[in-house]
Amino acid sequence: MDTTSLTLLTNDGTALTVALAQALQQRGHRVAVFSLGEDLVRKSAQVLPEGVVEITLTDTRDETLGKAIGQLPAPVGRFIYLHPHLRFPLGQLGMHFDREKSLLKTAFFLAKHLKTPLHNQIATGRPAFLTVSRMDGALGSLNPGNVAPLGGGLPGLTKSLRLEWPGVFCRAVDVAPELPVDRAAQNILSELYDADQCLTEAAWSASGTRFTLIAEQAPVIETPVLHSKITRDSVFLITGGARGVTAECARELAQKFKCTFILLGRSALPAADPAWAQGIEDAGELKRKAMEALLAQGEKPLPKTVQSLAGGVLARREIVANLDYMRAQGATVVYEAADVTDAASLKTVLDRVTAQTGKITGIIHGAGVLADKRIENKTEADFDAVFDVKIKGLLAVTQAIDIEAIRHVVLFSSVAGFYGNVGQTDYAVANEALNRIAHLFRKNHPGIHVVSINWGAWDAGMVSPELKKVFEAHGVSLVPSNEGPAALAEQLSTELEAQTQVILGGTLPMAHAVTDGPLNTYRIRRHLLEEANPFLAHHVIRGNAVLPIINASAWMIQSATDLYPGFCLNKIEAVKLFKGIVFDGSQQSDYLLTVKELEKNEHQIRVQINVSSDAGLKLPVQHYQSIVTLGDKPLAAQQVSVPGTKQPVMPDASALYTDGTLFHGEDFQCIQQVLEINESGLVLLCEHKGMTLERQGQFPAKQVNPFLTDAIYQSLLVWVRRFKGSACLPLHTDWVDIFAPIPFNRPVYVSVKVLESDDFSMVADVSAFDAETGFVYMNSHRAGVTISRDLKWA
């Protein structure tokens with residue numbers, strides 16, 4: 001452990017800070033703690049361990065935090081922010097707003113000032129930035145209904161920093177408050193030491209189960225006509241003005257539902273254009289007239305002032321055009337100027353308006369502000385502007401309306417929160433907090449249709465041609481301006497009302513591993529237990545469970561891909577089995593995986609991987625070895641001809657698993673038919689019905705599906721049994737080109753071409769491809785087995 005740098009914690013005021021400091025010290029860390037004021041953190045009577053440096057912060061302003069970091073006795077190499085667990089009484093959602101916002105700003109501006117010290121540690125260690133919340137052990141998605149939700153914005157910070165700081169390990173962790181502090185501390189340590197550089201957020205439930213949040217493709221709704229509870233009597237309050245994306249959505253809803261809409265904008269709507277602008281349509285001419293008007297008033301026509309005057313005229317015209325369009329569709333429309341963050345004035349405005357329109361029945365919170373810049377350039381004013389309009393604005397709206405009358409709540413969030421985005425750390429924090437509020441609101445108001453829409457970037461005015469090219473280069477699809485509003489209207493249908501958080505549109509560019517530094521070697525430790533891997537009961541040889549070499553290969557592959565975000569698996573080669581892992585009671589529990597970089601550049605990374613264990617001998621026991629090649633793009637897809645229809649040699653191949661040919665249990669049984677077999681090779685039809693994640697244990701199907709890929713080596717056993725009358729075991733593979741994981745629940749052909757064989761060994765090329773499309777999943781070159789007439793499975 002590097003003892004020249006500090007591990008810095010913030011004090012959450014509970015025994016967790018003490019337990020975590022102790023656990024870190026036991027691992028050899030030098031620990032420092034920033035304790036916050038009583039107005040932010042209520043401290044318990046716990047005493048920090050001896051040797052911990054504690055600094056009590058007088059306040060949490062930007063400059064104060066920077067000075068505090070400068071006063072530490074050593075540079076910071078790792079930072080862990082601990083967010084207090086806060087609860088509120090029913091109906092007082094905004095009770096902890098000021099406190100939680102201040103806490104979030106503390107984490108945010110500590111990050112700002114930690115950028116330099118953390119980056120200074122990249123060459124000599126593994127700098128880390130972690131945030132820890134204690135909401136529900138599910139990253140705020142299972143809020144019991146009374147846990148303050150704004151700590152759920154922390155993942156937006158870490159995910160964005162992961163993109164801005166590719167050399168720093170960044171992760172957000174949510175630990176169930178019910179977990180004992182010692183166990184919670186160990187969970188946090190396990191995240192700090194996790195080798196997976198791609199995972200950005202993790203949660204530990206009260207039962208000790210680990211989770212993360214992923215986006216899953218929603219099933220297509222086949223109903224030709226979608227239904228909605230919105231009627232002509234519905235009254236929607238829409239924040240975000242009558243221009244841009246929000247207005248486009250309002251126009252669609254007016255056309256579809258023809259109900260009442262109250263649109264809130266920041267600026268009052270003038271009754272008419274100023275005299276100097278009337279009749280002028282050309283934007284250039286409008287600016288010229290604005291200059292003349294300023295000169296006539298004795299003012300200097302500064303470019304910013306000219307742009308403001310001309311822009312104001314164009315904005316007014318856009319608003320008027322949108323309001324006129326909505327009314328022409330049969331909707332009732334009211335436009336009001338209001339500060340959405342001022343609850344008192346907002347209530348005054350809405351009370352006046354709803355006296356005419358009736359009670360508000362739906363909320364669409366589309367208001368938002370951007371202040372894009374990297375975190376080292378952010379100011380407190382930036383954070384306040386971005387965060388307040390999203391969160392304080394929503395809280396103000398809920399305080400200004402009758403919640404009992406509400407039937408629909410739509411929150412405009414962003415993929416910048418769910419995925420993170422460069423330059424948008426504050427925006428990501430606000431949008432992730434908005435997502436957590438949606439889950440909380442759903443819990444407390446099950447009768448309301450609540451959805452937080454994580455919009456992708458729109459192909460509209462907000463995306464310049466230059467930015468559009470950047471998105472296209474990263475494979476990011478934009479939301480077509482004519483499809484986004486329709487998607488919103490569809491999201492308000494009763495068929496989709498169970499969806500609380502959805503992504504509409506493309507993702508954002510993901511993090512990319514740093515490849516311009518020196519070649520490194522990484523050492524990753526894994527605790528491997530038979531009971532943690534239920535599938536091992538289906539891979540038993542001579543009475544003992546044996547780790548399949550395919551699972552060992554998947555272990556090496558996944559470890560490599562986890563280390564290098566932005567890269568995907570292309571090839572594994574020189575796969576060697578030295579001493580397999582047999583669970584006979586004498587096996588080790590701890591294994592060392594050594595990843596040695598052989599070459600790396602922005603397009604390709606090659607690493608050599610060794611798996612070994614310490615059995616108390618002079619030298620470590622070597623188990624497996626391979627070379628893994630990762631690329632910034634997948635291998636170019638290959639397609640082959642699908643075998644024609646003919647009578648299989650073995651229409652039902654299940655007998656192979658009972659007649660002594662194969663020993664595999666149900667989790668590995670995927671050969672359905674033997675289509676043909678001769679001395680040159682064979683063709684199998686395979687399909688696996690799938691497995692639960694629990695059964696997959698520590699080897700889940702990711703870059704490689706080990707449970708279906710095992711069919712490749714099963715095919716070699718089938719051929720050897722038929723033509724050599726013996727059993728065999730895998731020995732080596734020269735290389736494997738991998739195009740995609742072999743999927744569960746889909747028919748796959750496995751084709752074997754024998755290259756050489758004798759009484760002691762056989763070598764073959766094996767290919768696995770889709771039985772319907774011919775898409776090649778993987779090609780294994782010169783896979784070799786050793787043949788033994790004495791080998792018996794049982």
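Visitor: In β2, what is the bridge partner of L9?
Guide: In this predicted model, strand β1 covers residues 6-10 and is joined to β2 by 5 bridges. The two strands run parallel. Within β2, the bridge partner of L9 is V33.

Visitor: How many residues of strand β2 are buried?
Guide: Strand β2 spans residues 30-35 and is mostly covered. A residue counts as buried under 20% relative accessible area. Of the 6 residues of β2, the number buried is 5.

Visitor: In β7, what is the bridge partner of V175?
Guide: Strand β6 (residues 169-175) and strand β7 (residues 201-204) run parallel, joined by 4 bridges. In β7, the bridge partner of V175 is W204.

Visitor: Which residues point the other way from β7 than E201 and A203?
Guide: E201 and A203 point one way from β7. Residues pointing either way are buried, with under 20% relative accessible area as the cut-off. The residues that point the other way are A202 and W204.

Visitor: Is V429 buried or exposed?
Guide: V429 is found in helix α12, residues 425-444. Its relative accessible area is 4%, and the cut-off for a buried residue is under 20%. V429 is therefore buried.

Visitor: Which residues does V429 touch, not counting residues up to four places away in sequence?
Guide: V429 and G152 are 277 residues apart in sequence, yet their C-alpha atoms are 8.1 Å apart in space. A contact needs heavy atoms within 4.5 Å. Not counting residues up to four places away in sequence, V429 touches L104, G153, G156, L157 and F387.

Visitor: What is the phi of A574?
Guide: Most residues other than glycine have a negative phi. A574 is found in strand β21 (residues 568-577) and counts as partly exposed at 27% relative accessibility. A574 is not a glycine, but its phi is positive, at about 50°.

Visitor: What is the relative accessibility of R782, and where does R782 lie?
Guide: R782 has a positive phi of about 55° although it is not a glycine. R782 lies in strand β31, residues 776-788. R782 counts as partly exposed because its relative accessibility is 29%.

Visitor: What radius of gyration does the protein chain have?
Guide: The C-alpha trace spans about 100 × 70 × 50 Å along its principal axes. For 794 residues, a compact globule would have a radius of gyration near 28 Å. The value for the protein chain agrees with that: 31 Å.

Visitor: What share of the contacts with a separation of 6 or more comes from residues 24 or more positions apart?
Guide: The protein chain has 17 helices and 31 strands. Of its 794 residues, 53% count as buried. Among contacts with a separation of 6 or more, residues 24 or more positions apart account for 76%.

Visitor: How far apart do the centres of the positive and negative side chains lie?
Guide: The protein chain exposes about 34,000 Å², with 52% of it supplied by carbon and sulfur atoms. There are 73 positive and 84 negative side chains. The centres of the two sets lie apart by 2 Å.

Definitions and conventions
Residues numbered from 1 in each chain as written. Predicted model: local features only at pLDDT ≥ 70, side-chain atom pairs only at ≥ 80, totals over all residues. Heavy atoms only, no water. Rg over C-alpha atoms; globule rule 2.2 N^0.38 Å. Buried < 20%, exposed > 50% of the residue type's maximum accessible area, 1.4 Å probe, protein only. Areas by Shrake-Rupley, 256 points an atom, 1.4 Å probe, with all protein chains shown as cover. Lys, Arg positive; Asp, Glu negative; His and termini not counted. Charge placed at Lys NZ, Arg CZ, Asp CG, Glu CD. Pairing = 2+ DSSP bridges.
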